[in-house]
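Here are my notes on the model, as numbered points. Please read them with the structure open.

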Amino acid sequence: MENLLELKNVVKIFTRANFAFSREKVIYALNDVSFSMDAEPKVLALVGESGSGKTTICKLILGLEEPTSGEILYKGVPLYRWLKENLKEYRREVQIIFQDPFETFNPFYRVDRILWTVIQKFNLARDNNEAKSKIEEGLEAVGLRAREILGRYPHQLSGGERQRFMLARAYILRPKLLVADEPVSMLDASLRAVFLDHLKEFKRNGISCLYITHDLNTAYYISDYILIIYAGKILERGPVEGVIRNPLHPYTKMLINSIPIPDPNKKWSDKVNIDITQLQKVSGRETVDGCVFYNRCDYAMERCKDNIPPMKRVGEQEVSCFLY
Amino acid sequence: MDTILEIQDLKVYFRTIFGDAKSLDGASLRVYEREVLGIAGESGCGKSTLVEGALKLVKPPGYIHSGKVLYNGRNLLELDDEEFRKIRWKELSYIPQGSMNSLNPVIKIEEQMIDGIISHIDISYPDAKEIALEALSDVGLPSDVAQMFPHELSGGMRQRVCIAMSICLRPKIIFADEPVTALDVVMQKLNLQTIGELKERFGVTVVMVAHDMAWHAEVADRIAIMYAGKIVEIGTTSDIFGKPLHPYTKGLLDAVPSLERRFSKSIPGIAPSPLSWPSGCRFHPRCSYKMGVCEEIDPPLIEIEKDHFVACHIYGGR
Amino acid sequence: MRIFKSSPKFTVGVIIISILIVIALLEPTINNHRLGGHSSTEIGLYETSLPPSKEHPFGTDAYGRDVFSLILTGLKYSLLIGFIAGGLATLIAVVLATTAGYKGGWLDAFITTVSNAILIIPSWPILAIIVLFVRKVDLFFLSLILAFFSWAGSSRQIKPQIASLKERPYVELARVTAFSDIEIMFKEILPNFLPYIFVGFSYAVTGTMMAETALRLVGLGPADIPSLGQILNWALYAGALAQGHYFLVLTPIVILILLFVSINLINVGLDEVYNPRLKQITGV
């Protein structure tokens, strides 16, 4: 069976006009990114900080932006062909959950509209009654009570309710691939597990999920496979237990080290120092030479500066680092 | 330890067309000198309102209903705006939620800091500038940051600037509301560590509001757990994590995902609305240890063991 | 309805303009009653230059017309022209600015160039020339040309806001739900924009009213559609001030001022009430 989703050597460049010197700045948001998700439903976590390119990948997969070069294939067929010839079907099969539970709702309308439009646009029901029952089913599936939710305006629901509402929308659509862009980062830590449990259940119902986040805790909780991305490049990948228990790349180690553990007996043992390169926003890189992590790496070697380390397989994981 | 600030039965309500939303409904706690006190709880529990109320920063339709905030022998809530303004920033400073996004984008960092300093104390421009630069270096920011504009810095660095601003005038207490939310994880660690160190380096007391228990585990000395507008448990960090007494605290600790385990148990039910808090103990609809009395009587906060307070009928209480 | 309570300015503005609109609506009835079927612009209906009296509350002018009735007619037409022209201008501005702001690309460039051209070209002389040379200028034509020169300003303000609304996540959600561009523009973006459109409309109304008055004051414009500006022009031309016909001059001016002021009060009141919430609601 072919892969559900495949990205091959995807490059995305943004040019930013630099008014002062009238010279265009070229930013490599994504630099030679490749990964795939096979047909079996699973949760793939894409972990990276802001500016790492993870949101760009999200937009590329959803067809909201075009890659500068490289290929994106869905079920073996290039994305641009889906968008041109079969847009509705693609939209039906590939959906998204956004990060901000407030901004995804159009404040002018009641929340019901979101579910009704989905049913109408994709012909998911034959008549109003069937539509109503689908809506109720969807809401129940994510733990929301239809009576309390329908008929309200977005600002009348809490953040947790709104995010789950989006899940209900996805449930009704039954996509093949759900791209979740930081879906729980704006929810309380205690509500996150509830939400993620639903995503796990979706997996059991055949919906694969590309879970994009900067939070390793939740990535660990929900995913089967994990990709670590930094400055537009994938630095490490592998089954989640392996990557978390045995991180190979210095960046992965740094990420794991930075996570606070809710246990006062296990506080951070080291102190982070500020590094000048962290002052500016990290938004991709301007050049393609050398390892993207060179500036922040404690183990940086001479060759790291000018050469891009190839992906090396170490056990079940793959890592892009000259240490291996 | 000496008490530096005491909040007594503070109530802050919000006027709505459905009646008053009792967001903070009688919170009492003491802040000790030179400690880092964490205030934890989910969204809507009133933790931000607690700080806004204590600093008299409540804006309409919110209003302070009743209660006292004792500092230096005076009830701060009785001071008029002018007197309170003198204390703000100089003795009690505040890093509000999302402050890194409210820096003025068209004014240089240095200027904003100096503006703030001058508006709170009578001091010359060059002296204010010196204070500002010193504050920046106190948080480890290189001096060129002073000349930059906010948009040139990453979110984490902007937040650091806000921390610098809060220590400019060497206050006695710093109130920080969700100071590292929305930052990348490495930046979170960086800024969190800095906040934790303020105590050692400047002898300042820190009150940190955050919903993420892990942050409190890292930097707080004591933690106050809030639920439904009230404080339900206060204790040292090791007590809260090691011997949580209140069922809500236990639920909270179990619900947070972490790298240590791949499971997490959520608290059943949904958070109640401040327009109609449940009767008696507000947690009773969701509590697995509920008893009859819980529906009727709201348990008071009492000291069960040294410095460990809880408001729950399981542990007696009047 | 809370608006009325929260903003006295809004309330006062609404009251004033409502009164004026009601009077204008009643004009046919009142004038019919007073003039018995004659038009208020008919010359020689009464004795000329009569002082104010019970029959003629504002007296009569040098042409023997009852000033009170004349001014009522003037109010009616000023409002009509203002609203029609303003409405047309707003419609054009909204449609063009939304299309330009949402689609971007060459469509945007084209519309922007056109609107900039209109803004740069001195519109008033051209308006004057058109009115001078076109044989029959009726109400609709007058409103149309006034609107033509008025839409560009609003459009320039609307477009960047639409462009920023385009980036909102709920627009992305609509795209991902296979909405067409037109559906997104009109169903997702514009409804959130209504308060701005309303404000734009009211500015367009005052703007076109002012432009029209300016034309009239130099004697241009169809005399059979007497707006307040036209009446003022007649009065000044006939030397009303010198002859002491103060009512004839002052009343149109006062009413014009009331019109402008009430509309601006409504705008300012709305702005005060909505702006902090607007930013939250529309995210603009």
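What share of the 318 residues of chain B count as buried? The answer is in point 2, after a word on conventions.

1. Conventions. This is a predicted model, in which local features need pLDDT of at least 70, side-chain atom pairs count only at pLDDT 80 or more, and totals for chains, interfaces and linings use all residues. Residues are numbered from 1 along each chain as its sequence is written, while chains are lettered from A and ligands numbered from 1 in the order in which they are written.

2. Burial in chain B. Of its 318 residues, 48% count as buried. Buried means 20 or more other C-beta atoms within 10 Å of the residue's own, with C-beta atoms placed from the backbone; 12 or fewer is exposed, and in between is partly exposed.

3. Fold of chain B. Chain B has nine helices and twelve strands. These are DSSP runs numbered from the N terminus: helices are H or I with at least four residues, strands E with at least two. The radius of gyration of chain B, taken over C-alpha atoms, is 20 Å. The globule rule (2.2 Å times the number of residues to the power 0.38) also gives 20 Å for 318 residues, so chain B is as compact as a globular protein of that length. Along the principal axes, its C-alpha atoms fill a box of roughly 65 × 50 × 40 Å.

4. Chain pairs. A contact needs C-beta atoms, placed from the backbone, within 7 Å. Chains B and C have no contact; their closest C-alpha atoms lie 11 Å apart.

5. The A–B interface. Here 38 residues of chain B meet 37 residues of chain A. On the chain B side, helices 5 (155-167), 6 (185-202), 7 (213-219), 8 (237-242) and 9 (247-255) each supply at least two residues. Helix 6 of chain B gives the most, with six. By class, this side has 18 nonpolar (Ala, Val, Leu, Ile, Met, Phe, Trp, Tyr, Cys, Pro), eight charged (Asp, Glu, Lys, Arg) and twelve polar residues (the others, Gly among them).

6. Helix 9 of chain B. Its buried residues include Pro247(B), Tyr248(B) and Leu252(B). Their cover includes helix 8 (189-204) of chain A, along with helix 7, strand 9 (222-227), strand 10 (230-236) and helix 8 of chain B.

7. Leu220(C). This residue sits in the loop between helix 8 (181-217) and helix 9 (228-237) of chain C. Leu220(C) is buried, because 20 other C-beta atoms lie within 10 Å. Apart from residues up to four places away in sequence, Leu220(C) touches Ala128(C), Val131(C), Leu132(C) and Leu215(C).

Notes. Two residues are in contact if their C-beta atoms, placed from the backbone, lie within 7 Å.
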